[in-house]
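Please read the following report alongside the sequence and the coordinates. It moves from the chain as a whole to selected residues.

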Amino acid sequence: MREIQIGKNEAGQRLDKYLKKLLPNAGSSFLYKMLRKKNIVWNGKKADGSEKIVVGDTIQIYFSEETFTKFAGGEQKKAEIPASLSKVAWDKLPIVYEDEDIVIINKPSGMLSQKAKPEDISANEYLIAYLLHTGAITPEELKTFHPSVCNRLDRNTSGLLLAGKSLKGLQELSAMLKDRSMRKYYRCIVSGEMREPARICGYLCKDEKNNQVTIQSRPGADAKYIETEYTPVASMPDRTLLEVHLITGRSHQIRAHLASIGHPIIGDLKYGDQMVNQKWRTCCRIKSQLLHAYRVELPDGRSFLAKTGAEFERVMTYQN
């Protein structure tokens, strides 16, 4: 018999969903049968799987050790840090803010937010390695809960990534992003001079095969409405530092929307002006697109900021 006590990272979900994570090799019909036959009980009582589990609940599983091992997916030896994470440089993860439930990261340009391929090392892997090192999560807890980033930035976009350390943190951040009660602001440097703030609208159509979007002025098949607001922070004849409020959040929205009005982001290889990019690579050693997730404002009034880096400084102080 196994008795498992529910902690904060398991609490808040249905019992059946938790059991499917704990015993991934057991089919749903088998788990519901075990609940009906009281081979799995919740707080000493019969359960049907729909119960919401809370911190301190106990689950008793009346399986042989061999059966439990089979359905859990391997030998039930002492949990260890996964080999894929053991060499991740967790100390290179810039932490902007952390509490019991969330972590906010200042992601450097060049780092993936989430894996694109199984062998990738993304911000998620850095995050989990960091939390394992600090003891915020244990290898055992990773069997049923994975901390994760909640918003996504392009590989070459730097700035604020928000991640849930606990199930509560994940759920709250995800809800804010879904209902747009979290306000997100970016800083970018675009080609050309812009002096007036504006709010621009349009329709974005994504080519999934080529991972590229186009902007059109009218609705069309598969086109999604977008809205982008910007305010010039500093401007010169050939470049402008903008603060952008992302009102809708679509793939490549800021990059493609600004390019569509004749002001592409400097360093953007997909939507930018290649001659302009070459100029700034030569004179200011620009290696990435100058787009940075600068500030977030949460509904409770908290605000978090990540300053722009050296490339921004070099471009805005360069004298022609």
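## Chain overview

The mean positions of the 49 positive and 38 negative charges of the chain lie 3 Å apart, where Lys and Arg count as positive and Asp and Glu as negative, with His and the chain ends not counted, and where the place of a charge is NZ of Lys, CZ of Arg, CG of Asp or CD of Glu. This is a predicted model, in which local features need pLDDT of at least 70 and side-chain atom pairs count only at pLDDT 80 or more, while totals for chains, interfaces and linings use all residues. Residues are numbered from 1 along each chain as its sequence is written, and side-chain values use heavy atoms, with hydrogens and water left out.

Along the principal axes, the C-alpha atoms fill a box of roughly 75 × 45 × 40 Å. The chain has nine helices and 14 strands, taken as DSSP runs (helices H or I, at least four residues; strands E, at least two) numbered from the N terminus. Of its 320 residues, 47% are buried, a term that means under 20% relative accessible area, with exposed meaning over 50% and partly exposed in between (1.4 Å probe, protein chains only).

## Helix α3

In helix α3 (residues 65–72), the buried residues are Phe 68, Thr 69, Phe 71 and Ala 72. Their cover includes β1 (2–5), α1 (15–22), α2 (28–36) and β3 (58–61), contact being defined as heavy atoms within 4.5 Å. Gly 73 follows α3 and has a positive phi, near 95 degrees.

Leaving aside neighbours within four places in sequence, the contacts of Thr 228 include Ile 200, Val 244 and Gln 253.

A search of the whole structure finds zero disulfides, a disulfide being a pair of cysteine sulfur atoms within 2.5 Å. For Cys 205, the closest cysteine sulfur, in Cys 201, is 18 Å away, too far for a bond; Cys 283 is likewise in no disulfide, the nearest cysteine sulfur being that of Cys 284 at 3.7 Å.

| Residue | Relative accessibility | Class |
|---|---|---|
| Thr 228 | 0% | buried |
| Cys 205 | 21% | partly exposed |
| Cys 283 | 24% | partly exposed |
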